[in-house]
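Here is a short briefing on one protein chain. Read it with the fold in view.

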Amino acid sequence: MKINNSQLEAVAVKKSQYPVDTVKEIAFAGRSNVGKSSLLNLMTGRKKLARVSGSPGKTRTINFYRINEGQEDAFRIVDLPGYGYAKVSKSVSESWGPMMEQYLSSRQNLLKVVLLVDIRHAPSKQDVEMYDYLRHYGLDGIVVATKADKISRNQMQKQIKQIRQTLGLDQEDLVLPVSALKRTGQEELLDVMQRLLQE
Ligand SMILES: Nc1nc2c(ncn2[C@@H]2O[C@H](COP(=O)(O)OP(=O)(O)OP(=O)(O)O)[C@@H](O)[C@H]2O)c(=O)[nH]1
Ligand SMILES: [Mg+2]
């Protein structure tokens, strides 16, 4: 699949702000700073579609992006707010749970949530909790290992194995290494997403 056009359609903190649920959605989740917004920009070929920052906790809202509008393969990508950043204010971190729960538990048109984890580290306790939560709602199965440029080719298989074990992935679940810096892995991810949208 190729993304030909993309635009921010809605920014939401509650249900009444979501766009209509007649368009299929694939969401991206992961801890703050893992590279969600960077991956979104890489996939869409747009440098500044989603805000990327050196300061974690940048994305604090649910951001809906309209993809390939006007085409047969039109869908949405949803950039979810990151978790696990200690320095965001208490009110921000307390609103995160209900905001995610509301979206993930009831969104009819949500096909899958791609979980992003940093390829350098074993998934955190929160990553495991997030993945278990996705499994509970049948939204699991695709994991992206970000910042693949930070490790050597040799380390890659070892790290992927660790991610698989820590998250308790099944054989058919996918772990896709990507690098927004080196611009690698996005085509494989887009192909997986295309298959999902066609199911
Ligand atoms: N080396 C390297 N750095 C990356 C990569 N992807 C993202 N980064 C860097 O990681 C930092 C965080 O990236 P973001 O894309 O803003 O992360 P996010 O997950 O959207 O973060 P929040 O919005 O805070 O939840 C930025 O400094 C990026 O430049 C990558 O593939 N390789
Ligand atoms: Mg972000």
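In this predicted model, residues 24 or more positions apart account for 72% of the contacts in the chain with a separation of 6 or more. Two residues are in contact if their C-beta atoms, placed from the backbone, lie within 7 Å. The chain has five helices and seven strands. Helices (H or I, at least four residues) and strands (E, at least two) are DSSP runs, numbered from the N terminus.

**How to read the numbers**

- Residues are numbered from 1 along each chain as its sequence is written, while chains are lettered from A and ligands numbered from 1 in the order in which they are written.
- Because the model is predicted, local features need pLDDT of at least 70, side-chain atom pairs count only at pLDDT 80 or more, and totals for chains, interfaces and linings use all residues.

**Overall build**

- From the N terminus on, the elements run β-β-α-β-β-α-β-α-β-α-β-α.
- A compact globule of 199 residues would have a radius of gyration near 16 Å, and the chain agrees because it has 16 Å.
- That radius is taken over C-alpha atoms, and the globule rule is 2.2 Å times the number of residues to the power 0.38.
- Along the principal axes, the C-alpha atoms fill a box of roughly 45 × 40 × 30 Å.
- Of the 199 residues, 36% count as buried.
- Buried means that 20 or more other C-beta atoms lie within 10 Å of the residue's own; exposed means 12 or fewer; partly exposed is in between; C-beta atoms are placed from the backbone.

**The sheet**

- Strands of a sheet pair through backbone hydrogen bonds, either parallel or antiparallel.
- Here seven strands form an open sheet in the order β1-β3-β4-β2-β5-β6-β7, with mixed pairing.
- β1 and β7 stand at the edges with a single partner strand each, so one side of each has no neighbour in the sheet.
- Neighbouring strands of this sheet are turned by 25 degrees against each other on average, direction ignored.
- Two strands pair if DSSP finds at least two bridges between them.
- β1 and β3 run antiparallel, joined by six bridges; Val 11 has Asn 63 in β3 as its bridge partner.
- β3 and β4 (residues 75-79) also run antiparallel, with five bridges.
- Across that pairing, Asn 63 has Asp 79 in β4 as its partner, and Phe 64 stands opposite Val 78.
- β2 and β4 are parallel over four bridges; Phe 28 is partnered by Asp 79.
- β2 and β5 (residues 110-118) are parallel over six bridges, and Glu 25 stands opposite Leu 110.
- Helix α3 (residues 125-136) packs on the sheet and touches β2 and β5; its direction makes about 165 degrees with that of β5.
- Axes are lines fitted to C-alpha atoms, for helices over the stretch in contact, and angles run from 0 to 180 degrees between N-to-C directions.

**Enclosed strands**

- Five of the six residues of β3 (residues 62-67) are buried, so the rest of the structure largely encloses this strand.
- β4 is largely enclosed too, because five of its five residues are buried.
- Phe 75, Ile 77 and Asp 79 point one way from β4, Arg 76 and Val 78 point the other way, and all are buried.

**Helix α5**

- α5 (residues 186-198) has 13 residues and reaches 18 Å from its first C-alpha to its last, close to the 18 Å expected at 1.5 Å a residue.
- The expected span is 1.5 Å times one less than the number of residues.
- Which residues of α5 are buried? They are Gln 186, Leu 189 and Met 193.
- These residues cover an arc of only 60 degrees around the axis, so they lie on the same side of α5.
- The arc is that of the directions from the helix axis to the C-beta atoms.
- An α-helix has 3.6 residues a turn, so residues three or four places apart point the same way.
- The face turned away from the buried side carries the exposed residues Asp 191, Arg 195 and Gln 198.
- The cover over the buried residues of α5 includes β2, α1 (36-44), β6 (142-146) and β7 (174-177).

**Val 23**

- Val 23 lies in the loop between β1 (6-12) and β2 (25-30).
- Val 23 is partly exposed, because 15 other C-beta atoms lie within 10 Å.
- Not counting residues up to four places away in sequence, Val 23 touches Ala 74, Phe 75, Arg 76 and Asn 109.
- Val 23 and Arg 195 are 172 residues apart along the chain, with their C-alpha atoms separated by 16 Å.
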